[in-house]
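User: I have a model open and would like to talk through its architecture. Could we begin with burial and then turn to helix packing?
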Amino acid sequence: MPLSHVAFLILSAVALISGGLVVTRRNPVRAALWLIVALFSVAGIYLLVKAEFLFAVQIILYVGGIMVLFLFVLMLVNVNVSVRQAPFNRQWRVALATALLLLAELAYGFWRGAAPRLKALAPVAAPSHPLGNTQAVGMALYQNYLLPVELVSLLLLVAMVGAVIMAKRRFD
Amino acid sequence: MLQTYGPLLIFAAIAAIFPLATLWAAKFLRPRFTPTGDKTIPYECGIAPESDARGRYTVRYYVVALLFVIFDVETIFLFPWAVQFRALGLFGLVEMLVFLGILAIGYVWLWKRGAFEWV
């Protein structure tokens with residue numbers, strides 16, 4: 001078995017186990033810390049399929065930015081109260097049925113689509129670009145998708161104003 | 001693959017081992033006794049802690065965190081532009097200046113509004 005397959009198996013196992021721990025922890029701070037482990041291992045999988053830019057985004061944005069936001073929001077609620085509450089609400093049966101349905105759908109799609117090609121032992125990797133992943137993303141973003149990129153800055157502007165207006169109203 | 005990311009893997013391994021090894025080594029150096037009384041209280045720069053750290057915090061932290069995420073996203077967009085700076089040329093530079101200009105409007109607004117002030 002090639003080394004990249006071993007790395008993939010380890011990373012996906014860590015991602016699945018830590019993902020399971022995220023939803024079962026009663027203490028939300030601990031759940032958030034397990035989420036960091038899950039996000040890191042998914043970042044490793046991105047690196048394995050040669051998506052270096054996505055790897056960097058995952059660590060800088062998700063592990064760095066979004067996790068800080070999660071932990072700060074957790075600090076706004078009273079963690080001690082949520083520790084004593086039941087970790088799952090009464091709709092868990094409906095949620096389980098929906099999740100199983102989704103799993104069946106994914107398994108069917110995999111069986112019909114990807115499995116025959118996996119049997120032919122074609123190594124799965126992102127199409128290699130002569131430039132490299134980040135450079136290719138740069139060329140695509142700033143040459144082909146000019147307007148969407150500029151719209152992103154408008155979206156960020158709206159988020160900025162919205163965040164301040166929403167929070168400021170409380171203590172002005 | 002391994003040639004490129006081998007050093008990164010070694011770095012990650014050292015980062016994981018170092019704190020564990022330090023804690024393990026400290027076990028042999030420190031005197032053995034169970035702390036009692038004031039020694040079990042979390043150390044807070046010498047001041048006696050007022051309450052549990054798991055209480056509610058002020059909503060101002062939320063604004064700080066959200067603004068951090070927004071400027072973090074802005075930084076992400078700078079990376080792919082920076083690595084292709086020469087290939088994109090003047091067109092790319094103007095494009096990025098427009099991108100940053102729109103966000104600068106927001107930045108000035110935040111400043112005027114006093115979002116960076118704590119009080």
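Analyst: This is a predicted model. In chain B, 13% of the 119 residues count as buried.

User: What radius of gyration does chain B have, and what would a compact globule of 119 residues have?
Analyst: The radius of gyration of chain B is 24 Å, whereas a compact globule of 119 residues would be near 14 Å. The C-alpha trace of chain B spans about 70 × 50 × 20 Å along its principal axes.

User: How many helices and strands does chain B have?
Analyst: Chain B contains three helices and zero strands, and from the N terminus the order of elements is α-α-α.

User: Switching to chain A: at what angle do α1(A) and α2(A) pack?
Analyst: Helix α1(A), residues 3-24, packs against helix α2(A), residues 28-48, at an angle of about 155°. Their axes are 8 Å apart.

User: How are the two oriented to each other, then, and what is the hand of the crossing?
Analyst: An angle over 145 degrees counts as roughly antiparallel, and α1(A) and α2(A) are therefore roughly antiparallel to each other. Their crossing is left-handed.

User: Which residues meet there?
Analyst: On the α1(A) side, the contact residues include Phe8(A), Leu11(A), Val14(A) and Gly19(A). On the α2(A) side, Trp34(A), Leu35(A), Val42(A) and Ile45(A) are among them.

User: And how do the residues of that contact divide by nonpolar, polar and charged?
Analyst: The contact of α1(A) with α2(A) comprises 15 nonpolar residues, six polar and no charged.

Terms used
Residues numbered from 1 in each chain as written. Chains lettered and ligands numbered in written order. Predicted model: local features only at pLDDT ≥ 70, side-chain atom pairs only at ≥ 80, totals over all residues. Helix = DSSP H or I, 4+ residues; strand = E, 2+ residues; numbered from the N terminus. Rg over C-alpha atoms; globule rule 2.2 N^0.38 Å. Buried ≥ 20, exposed ≤ 12 C-beta atoms within 10 Å, placed from the backbone. Axes fitted to C-alpha atoms, helices over the stretch in contact; angles between N-to-C directions. Parallel < 35°, antiparallel > 145°, perpendicular 65-115°, else oblique. Left-handed = near helix turned anticlockwise from the far one by under 90°. Contact = placed C-beta atoms within 7 Å. Nonpolar A, V, L, I, M, F, W, Y, C, P; charged D, E, K, R; others polar.
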